[in-house]
Amino acid sequence: MAVKIFIKRNIPEDQTNVLLPLFRRLRNLATNQSGYISGETLKSVDNPREYLVISTWQSIDNWREYVVSPERIEIQNEIDARLGEASVYEIYQYG
């Protein structure tokens, strides 16, 4: 069953130029991962520092395989260090 992953991040103004390329690197990794369907990055209208990434995967197992890949972990650790906080993940499936 397909799942959607929601990742919310608040980006400090001085980190935007560094973080957005890291987000693109994660997206490129995801597109080459088995089970990846699609993804999009949204910027909040009310809070321009808040970004929401929505990705769709064929199964929760596909997502979990991607999450533990060493390349992804390395990039994600750099993102979280620059954010000064952990990214927030929420996983939803179709009812």
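1. The model under discussion is a predicted one, and the values below should be read accordingly.

2. Tyr89 has an aromatic partner in Trp63. The two rings form a tilted pair, with 6.0 Å from centre to centre and 50 degrees between the planes. This pair links distant parts of the chain, since Trp63 belongs to helix H2 (residues 60-67) and Tyr89 to strand S4, and the two are 26 residues apart.

3. How many aromatic pairs does the structure hold? The count is 7. One of them joins Trp57 and Trp63: the ring centres lie 5.8 Å apart and the planes stand at 65 degrees, so this pair is edge-to-face. Both of these tryptophans are buried. A single aromatic cluster brings together Tyr36, Trp57, Trp63, Tyr66 and Tyr89.

4. Asn62 is also part of helix H2. With a relative accessibility of 11%, Asn62 counts as buried, because the limit for that class is under 20%. Once neighbours within four places in sequence are set aside, Asn62 is in contact with Gln33, Ser34, Gly35 and Trp57.

5. The overall architecture may now be described. The chain contains 3 helices and 4 strands, and along the sequence these follow the pattern β-α-β-β-α-α-β. The 4 strands make an open sheet with antiparallel pairing, in the order S2-S3-S1-S4. The edges are taken by strand S2 (36-43) and strand S4 (88-93); each has a single partner strand, so one side of each lacks a neighbour in the sheet. From one strand to the next, the twist averages 15 degrees.

6. The pairing of S2 with S3 can be followed residue by residue. These two strands form a hairpin with 6 residues between them. S2 and strand S3 (residues 50-57) run antiparallel and are joined by 7 bridges. Within this pairing, Gly39 stands opposite Ser55 in S3.

7. Which strands does helix H1 touch as it packs on the sheet? Helix H1 (residues 16-31) touches strand S1 (3-10), S2 and S3, and its direction makes about 165 degrees with that of S2. Helix H3 (residues 70-83) packs on the sheet as well, touching S1 and S4; its direction makes about 35 degrees with that of S1. S1 is accordingly touched by H1 and by H3.

8. Arg27 gives a local view of helix H1, in which this residue lies. Is Arg27 buried or partly exposed? Its relative accessibility of 24% makes Arg27 partly exposed, because buried residues have under 20%. Not counting residues up to four places away in sequence, Arg27 touches Tyr36, Gly39, Glu40, Thr41 and Val53. The C-alpha atoms of Arg27 and Ser38 are separated by 9.3 Å, the two residues being 11 apart along the chain.

9. The overall dimensions complete the picture. For 95 residues, a compact globule would have a radius of gyration near 12 Å, and the 13 Å found for the chain agrees with this. Taken along the principal axes, the C-alpha atoms fill a box of roughly 40 × 30 × 20 Å. Buried residues account for 35% of the 95 residues. The accessible surface comes to about 5900 Å², and carbon and sulfur atoms contribute 49% of that surface. Of the contacts with a separation of 6 or more, 68% are between residues 24 or more positions apart.

How values were computed:
Residues are numbered from 1 along each chain as its sequence is written. This is a predicted model: local features need pLDDT of at least 70, side-chain atom pairs count only at pLDDT 80 or more; totals for chains, interfaces and linings use all residues. Side-chain values use heavy atoms; hydrogens and water are left out. Two strands pair if DSSP finds at least two bridges between them. Axes are lines fitted to C-alpha atoms, for helices over the stretch in contact, and angles run from 0 to 180 degrees between N-to-C directions. Contact means heavy atoms within 4.5 Å. The radius of gyration is taken over C-alpha atoms; the globule rule is 2.2 Å times the number of residues to the power 0.38. Buried means under 20% relative accessible area, exposed over 50%, partly exposed in between (1.4 Å probe, protein chains only). Accessible areas come from the Shrake-Rupley method with a 1.4 Å probe; for residues, only the protein chains shown count as cover. Rings of Phe, Tyr and Trp (its six-membered ring) pair if their centres lie within 6.5 Å; planes under 30 degrees apart count as stacked, over 60 as edge-to-face and the rest as tilted.
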